[in-house]
Amino acid sequence: MEKTVYIRMRNRVLAKPEESIYLMDIAQIIAPDSIVPELKKMKVHQITDRDKNIIIIDVMKIIKLISSLIEDAEVQTIGPAQTIVEVMLKKKQMSIPLFILIWFLLFFGSAMAIMNFHDDVSMRSVQEKLYRIITGVEDTKPWIFQIPYSIGLGLGMILFFNHVFQKRINEEPSPLEVEMFNYQLDLDNYVIIHENKESMKRANDD
Amino acid sequence: MPMTIKVITVMFIGLAGGLAVGSGFVAFLTVLGIIPRLTQLTKTMKMIRHYEWAVIMGALTGIAGSLRDPILGISPYFMLPLGLTGGVFVGMLAAGLSEALNVFPVLAKRLGIDGKIIILIMAIVLGKIVGSIFQWVFFVHL
């Protein structure tokens, strides 16, 4: 009787250097009970120093390994065709001085950028004119307009990224979280194609 | 007769210019996704037509204000909510723009600080507020 094995590769897996990767780490498995333990403990890859920090394990390799382990297995794959194994070379240690440097870089950078923007669009004259339209009084320092404007500027950004009311308004992800996710997907797609020797093979390679 | 042609030509050019600027304005708003974001936050997707009209009416009011120079002569305290809402709008524009340019994901990835990205956003938010207040209170009067 044929033993049907269903395999669903996980998208991303984190691993430590020198670790052995077993099938259960990188895929979900459904198979007849008699062979499940054997499959779960099947060694797929041994991380060595020669590996870089990204390893792509293609489902074709898994199928090959399974069919050499269990003769009459019929492998059905569902979902992603490969798993990205990210090797945590060293624990990512964020340096505090660097972080503070970046913080002030962004702080002063955005302060200067907004000043340049205001100057570029002649916001001063627009605001003074608006003040004259509404109040009928000429004022070169319409702070009653400008200070709320400045605070609103920050509020608008916070509102857009939905960080203040993150939990209260709704559970939908903020645009930033979606953006981070999309960026990660793009990176993953890149490494899937470029780090996987099989998918980049040229016709006259071997 | 030549007069009529001139008037029609000028009207046509004016209409064409307005059409280009207006569609550009709407396209800009659409790309930055401010209105969808606001409807998402407030769960008022059904009212999107009204929001469109709000933008159009606002733009037309702005045109009237900038071209005709009317004087309303009402209390300066009316400037408070006007300034605040105007600021929120520009702030959302800026946020939408930095999001469209993928600034934060790249930065967070390079620095390896996926969790603390809020602090980086706060740097930009505070920078904008401080820069703007500094400009209006001191800088433009130097």
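Two residues count as being in contact here if their C-beta atoms, placed from the backbone, lie within 7 Å. Take Met92(B) in this predicted model: setting aside neighbours within four places in sequence, Met92(B) is in contact with Gly156(A), Met157(A), Leu159(A), Phe160(A) and Ile34(B).

**Where the chains meet**
- On the chain B side, 56 residues are in contact with 51 residues of chain A.
- Helix 2 (34-42), helix 4 (79-100), helix 5 (103-111) and helix 6 (117-137) of chain B each bring at least two residues to that side.
- Helix 6 of chain B has the largest share, at 18 residues.
- Sorted by class, the side of chain B that touches chain A has 37 nonpolar, 15 polar and four charged residues.

**The cores**
- The largest nonpolar core has 33 residues, and Met92(B) is back again among those with the most contacts inside it, along with residues including Met157(A), Phe160(A) and Leu120(B).
- Helix 4 and helix 6 of chain B each give two or more residues to this core, as do helices of chain A, including helix 7 (175-194).
- Helix 6 of chain A gives the most, with eight residues.
- A second, separate core of 18 residues includes Ala27(A), Ile62(A), Ile66(A) and Ile84(A).

**The sheet in chain A**
- Three strands of chain A make an open, mixed sheet in the order 4-1-7.
- Strand 4 (27-30) and strand 7 (73-78) of chain A each have a single partner strand, so one side of each has no neighbour in the sheet.
- Strand 1 (residues 3-9) and strand 4 of chain A pair in the antiparallel sense over four bridges, and Arg8(A) has Gln28(A) as its bridge partner in strand 4 of chain A.
- Helix 3 (residues 59-69) of chain A lies across all of strand 1, strand 4 and strand 7 of chain A, at about 160° to strand 7 of chain A.

Methods: Residues are numbered from 1 along each chain as its sequence is written. Chains are lettered from A and ligands numbered from 1 in the order in which they are written. This is a predicted model: local features need pLDDT of at least 70, side-chain atom pairs count only at pLDDT 80 or more; totals for chains, interfaces and linings use all residues. Ala, Val, Leu, Ile, Met, Phe, Trp, Tyr, Cys and Pro count as nonpolar, Asp, Glu, Lys and Arg as charged, and the others, Gly among them, as polar. A nonpolar core is a set of buried Ala, Val, Leu, Ile, Met, Phe, Trp, Tyr and Cys residues joined through C-beta atoms within 7 Å. A residue is buried if 20 or more other C-beta atoms lie within 10 Å of its own, exposed if 12 or fewer, and partly exposed in between; C-beta atoms are placed from the backbone. Two strands pair if DSSP finds at least two bridges between them. Axes are lines fitted to C-alpha atoms, for helices over the stretch in contact, and angles run from 0 to 180 degrees between N-to-C directions.
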